[in-house]
Amino acid sequence: MSKKTSKPAKKSSTSAKILYRPIGLISGMVSGALAGVIFKQLWKRASPTHREDSPKALESEFGLGEVLIAAALQGALFALVKALVDRGGARAFERATGEWPGD
């Protein structure tokens, strides 16, 4: 059985974390907006009724299954887009400054 070796953890300085903070805040807002746009487009195509808006938990005209599917899809998409944007921003920051902003 072979052991996987992982890369050594990249350490970051306090100044790198502070410098990255505004970038992280902006990228969080951008990723949330982008995930919302992607979700709306996917929901329009995937929903059985091809409605513009996804079902909300307190809207009685939707069944529980449809509400849960919409919520799960929206949550998964948000997490995926946020991870991609955060990771890309951190790598760009590292290329520009030579320091990893996290950890």
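This report describes the fold, core, pairings and surface of one predicted model.

## Overall architecture

The chain has 103 residues, and 20% of them are buried. Its secondary structure consists of two helices and zero strands. Helix H1 covers residues 14–46 and helix H2 covers residues 64–97.

Among contacts between residues at least 6 apart in sequence, 61% join residues at least 24 apart. The chain exposes about 7,700 Å², and carbon and sulfur atoms supply 65% of that area.

In soluble globular proteins, nonpolar side chains tend to be buried together. Here, the largest nonpolar core has five residues, namely Ala16, Tyr20, Ala90, Phe93 and Trp100. The elements that give two or more residues to this core are H1 and H2.

Ala16 lies in helix H1. Ala16 counts as buried because its relative accessibility is 3%, and the cut-off for buried is under 20%. Leaving out residues up to four places away in sequence, Ala16 touches Phe93, Glu99, Trp100 and Pro101. Ala16 and Trp100 are 84 residues apart along the chain, yet their C-alpha atoms are separated by 7.2 Å.

## Tyr20 and the aromatic pairs

Tyr20 is found in helix H1. Its relative accessibility is 12%, so Tyr20 counts as buried. Not counting residues up to four places away in sequence, Tyr20 touches Ser27, Asp86, Gly89, Ala90, Phe93 and Pro101. The C-alpha atoms of Tyr20 and Trp100 are 9.3 Å apart in space, while the two residues are 80 apart in sequence.

A search of the whole structure finds two aromatic pairs. One of them is formed by Tyr20 and Phe93, with ring centres 5.3 Å apart and 70° between the planes. This pair is edge-to-face because the angle between its planes is 70°, and the cut-off for that class is over 60 degrees. Tyr20 lies in helix H1 and Phe93 in helix H2, so the pair ties together parts that are 73 residues apart in sequence. Both Tyr20 and Phe93 are buried.

Side chains of opposite charge can pair when their charged atoms come close. In this model the count comes to one salt bridge. Lys82 forms a salt bridge with Asp86, and the closest N and O atoms are 2.8 Å apart. Lys82 and Asp86 both lie in helix H2, four residues apart, which is about one turn of the helix.

Lys82 counts as partly exposed, at 30% relative accessibility. Asp86 is also partly exposed, with a relative accessible area of 25%. Lys82 is among the residues in contact with Ser31, which lies in helix H1. Asp86 is among the residues that Tyr20 touches, and Tyr20 is found in helix H1.

## Two buried serines

Ser31 is a buried residue of helix H1. Its relative accessible area is 0%. Setting aside neighbours within four places in sequence, Ser31 is in contact with Val81, Lys82 and Val85.

Ser54 is found in the loop between H1 and H2. At 10% relative accessibility, Ser54 counts as buried. When neighbours within four places in sequence are left aside, Ser54 is in contact with Phe39, Trp43, Glu59 and Ala70.

## Surface features

Ile26, Met29 and Val30 form a nonpolar patch on the surface. Together these residues have about 310 Å² of accessible area. Ile26 is found in helix H1.

Ala71 has its place in helix H2. At 47% relative accessibility, Ala71 counts as partly exposed. Ala71 and Ala57 are 14 residues apart in sequence, and their C-alpha atoms are 8.7 Å apart in space.

Terms used. Residues are numbered from 1 along each chain as its sequence is written. Side-chain values use heavy atoms; hydrogens and water are left out. Rings of Phe, Tyr and Trp (its six-membered ring) pair if their centres lie within 6.5 Å; planes under 30 degrees apart count as stacked, over 60 as edge-to-face and the rest as tilted. Buried means under 20% relative accessible area, exposed over 50%, partly exposed in between (1.4 Å probe, protein chains only). Contact means heavy atoms within 4.5 Å. Accessible areas come from the Shrake-Rupley method with a 1.4 Å probe; for residues, only the protein chains shown count as cover. Patches are made of residues with over 30% relative accessible area and no salt bridge: like charges are joined within 9 Å, nonpolar side chains (Val, Leu, Ile, Met, Phe, Trp, Tyr) within 5 Å. A salt bridge is a side-chain nitrogen of Lys or Arg within 4 Å of a carboxyl oxygen of Asp or Glu. A nonpolar core is a set of buried Ala, Val, Leu, Ile, Met, Phe, Trp, Tyr and Cys residues joined through side-chain atoms within 4.5 Å.
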